[in-house]
Amino acid sequence: MLVTTDAIVLKSMKYRDTSRIVSVYTRDYGKLSVIAKGARGPRSKFASALEPLSRVVLVFYRTEHRDLHLVSQCDLRASYRRVTSDLDRMAAGLACLELIDQTAHDEERNDDLFGLTEHALEILDAGNVRPEVVLTAFKLRMAAAIGFATALERCAVCGRPFRKGGCEAGWFRLATGSVMCLECQSRSRATGSSGGADAAALVRLSAQTHEALERCATAPLENLASLAWTTAQGNEIHNAARLYLHHHIEHLRPLKSEELLLRPVIRSSTRRT
Ligand SMILES: [Zn+2]
């Protein structure tokens, strides 16, 4: 059956002399592998549309119970040039795609996840929000889109809000994605009750880190332009998000592209010498 859908190219591999096998995340059918015959030929009608980070309209022959579907047509809708021409933005964009590739199930439609991926690439391309902020927001929202949203606004035990004169620092509970204030945590330790949380699955959050994570999880992405963090805070944020995803997603592998993004200090000091 010939079908048409919006898609984002996740990975692209050469196949035989002139073809490509491409992993795509589609709006209507979730993650799929497709084969584009003749895609690398000199007069290919697919041109550069099948490169990672491309947003395309894909027409393909969908065959039930097949792992590989044949591409009929592929039209480029956005290539996010600002993302592909800036190393940090490209690293963040590719890390988002790696996460989709590792977590999305084959042929399982998820409108929220597709919309989030498309929007994150648009925001990266617009250039106002820092790439590490976009990636952190993407991780927390992806978690929500696949069923384990965080709830960082209030202490899960006493219900006090964290900001606006409420409690300050706290503990992130990986199992539930909620936070517990310092008082509730010390009370539960004193009474020997864990407040429903396994002590090994708690991550200490400073007030700034908590606020950054909460904004990343809930504020519209385009409103995060003012958000920036120091290297130390960035490590804390990265660690909390990483542990949270690993707690909920089995066999999640480290993101190769993210390693590029985590080394800005090394890169800039190398440039100066
Ligand atoms: Zn509390």
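Tutor: In this predicted model, domain bounds come from an automatic or database domain assignment.

Student: Into which domains is the protein divided?

Tutor: The assignment gives two stretches of the chain, with centres, taken over C-alpha atoms, that lie 31 Å apart. The protein is accordingly divided into domain 1 (2–129) and domain 2 (145–264).

Student: Which element gives the largest share of the side of domain 1 that touches domain 2?

Tutor: The contact takes 19 residues from domain 1 and 16 residues from domain 2. On the side of domain 1, the elements that give two or more residues are helix 2 (87–103) and helix 3 (111–126). The largest share, 10 residues, comes from helix 2.

Student: How many nonpolar residues does that side of domain 1 have?

Tutor: Sorted by class, the side of domain 1 that touches domain 2 includes five polar and three charged residues. Its nonpolar residues number 11.

Student: How many residues has the largest nonpolar core?

Tutor: Val 9, Val 24 and Ala 95 are among the residues with the most contacts inside this core. The core draws at least three residues from each of domain 1 and domain 2.

Student: Why does Ala 78 count as partly exposed rather than buried or exposed?

Tutor: Ala 78 has its place in strand 5 (residues 68–78). A buried residue needs 20 or more other C-beta atoms within 10 Å of its own, and an exposed one has 12 or fewer. Because Ala 78 has 15 C-beta neighbours inside 10 Å, Ala 78 counts as partly exposed.

Conventions:
Residues are numbered from 1 along each chain as its sequence is written. This is a predicted model: local features need pLDDT of at least 70, side-chain atom pairs count only at pLDDT 80 or more; totals for chains, interfaces and linings use all residues. A nonpolar core is a set of buried Ala, Val, Leu, Ile, Met, Phe, Trp, Tyr and Cys residues joined through C-beta atoms within 7 Å. Helices (H or I, at least four residues) and strands (E, at least two) are DSSP runs, numbered from the N terminus. Two residues are in contact if their C-beta atoms, placed from the backbone, lie within 7 Å. Ala, Val, Leu, Ile, Met, Phe, Trp, Tyr, Cys and Pro count as nonpolar, Asp, Glu, Lys and Arg as charged, and the others, Gly among them, as polar.
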